[in-house]
Amino acid sequence: MANPLYGIFGGTFDPVHNGHLETVTAVFDKCALERVYFIPAAIPPHRDQPDANAQQRLEMVSLAIANYPRFDVDDRELKRETPSYTYDTIKSLQTEDCSRRYCLILGIDALSGLDSWYRWRELLDSIHFIVVQRPGWEIPEPLPDWWQQGRTEFIEDLKQFESGKICLIEVEPNPVSATEIRYGIAQGIDVSTMVPHSVWDYIRTNKLYGA
Ligand code: ATP
């Protein structure tokens with residue numbers, strides 16, 4: 001029998017929001033994943049420093065997934081002193097258990113820049129990618145060679161092959177972004193329905209983003 005599939009969902013999570021949770025839930029169900037690890041980034045290599053600190057972002061993710069028994073939060077990127085390269089994270093996970101097959105879940109926006117990531121070709125050779133649509137983002141045309149080569153529409157391929165597959169999964173789009181939430185809070189706009197209740201309470205209690 002093929003090894004079970006484990007999902008990895010990395011991000012800044014500044015803050016984690018319903019778009020993240022809905023996406024991962026849909027992917028989890030469709031791809032019959034064993035578990036999903038949410039991995040907050042400490043020092044994001046591709047973007048500015050987050051507004052909330054590492055501990056706060058970690059706590060918000062923990063609160064958000066508290067009612068999802070098959071979702072976990074993993075703080076290894078927050079404990080590292082080095083930039084949060086996905087390659088390093090995957091290698092460290094694979095060192096712990098080499099029998100696991102990992103799938104990185106990410107939006108089209110994030111995958112489109114893959115060829116600028118640290119050791120991205122080795123990363124492609126190590127894991128699968130599950131890509132989800134995000135409102136406002138289209139699949140690039142023409143598709144880069146590396147994407148064309150790994151592309152599949154068959155979820156079964158994630159089990160059949162050890163690595164290197166890039167599978168686009170249709171999910172109900174939720175246009176929310178963390179940027180919109182941070183901006184909304186700073187402007188006094190009600191964005192409370194964009195995050196789980198527990199995360200909203202945390203943002204208010206800790207006066208994050210100008211709340
Ligand atoms: P920001 O607005 O600060 O850039 P974000 O909302 O994009 O944040 P991140 O933590 O940067 O959130 O995203 C982590 C992952 O979640 C990325 O792969 C991103 O593509 C994906 N993602 C974020 N929001 C959505 C959404 N609404 N639907 C689907 N995927 C999403």
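**Notebook: ligand site and sheet**

I began with the ligand and found one of its nitrogen atoms 2.9 Å from a polar backbone atom of V176; I count a polar contact as a pair of N or O atoms within 3.5 Å, and within protein one must be able to donate a hydrogen and the other to accept it, with residues adjacent in sequence counting only if both atoms are side-chain atoms. The model is predicted, so I kept local features at pLDDT of at least 70 and side-chain atom pairs at pLDDT 80 or more, while totals for chains, interfaces and linings use all residues. Residues are numbered from 1 along each chain as its sequence is written, and side-chain values use heavy atoms, without hydrogens and water.

R134 places a polar side-chain atom 2.9 Å from a ligand oxygen atom. In R182, a side-chain N or O atom is 3.0 Å from an oxygen atom of the ligand. On its own the ligand has 600 Å² of accessible area, of which the protein covers 91% (Shrake-Rupley method, 1.4 Å probe).

I then listed the shell, taking a residue as near if one of its heavy atoms lies within 4 Å. The ligand is surrounded by 22 residues, and D109, N174, V176, A178 and T179 are the closest. I sorted the shell by class and got 12 polar, 6 nonpolar and 4 charged residues, with Gly placed among the polar ones. Two or more shell residues come from each of β1 (5-11), α1 (18-30), β4 (101-107), α5 (108-112) and α9 (178-187); helices (H or I, at least four residues) and strands (E, at least two) are DSSP runs, numbered from the N terminus.

Last, I traced the sheet. It is open, has 7 strands in the order β3-β2-β1-β4-β5-β7-β6, and the pairing is parallel; strands pair if DSSP finds at least two bridges between them. At the edges I noted β3 (71-73) and β6 (151-152), each pairing on one side only. β6 pairs in the parallel sense with β7 (residues 166-169) over 2 bridges, and T152 has C167 of β7 as its bridge partner. β5 (residues 128-132) runs parallel to β7, joined by 4 bridges. I also found I130 opposite C167 in β7.
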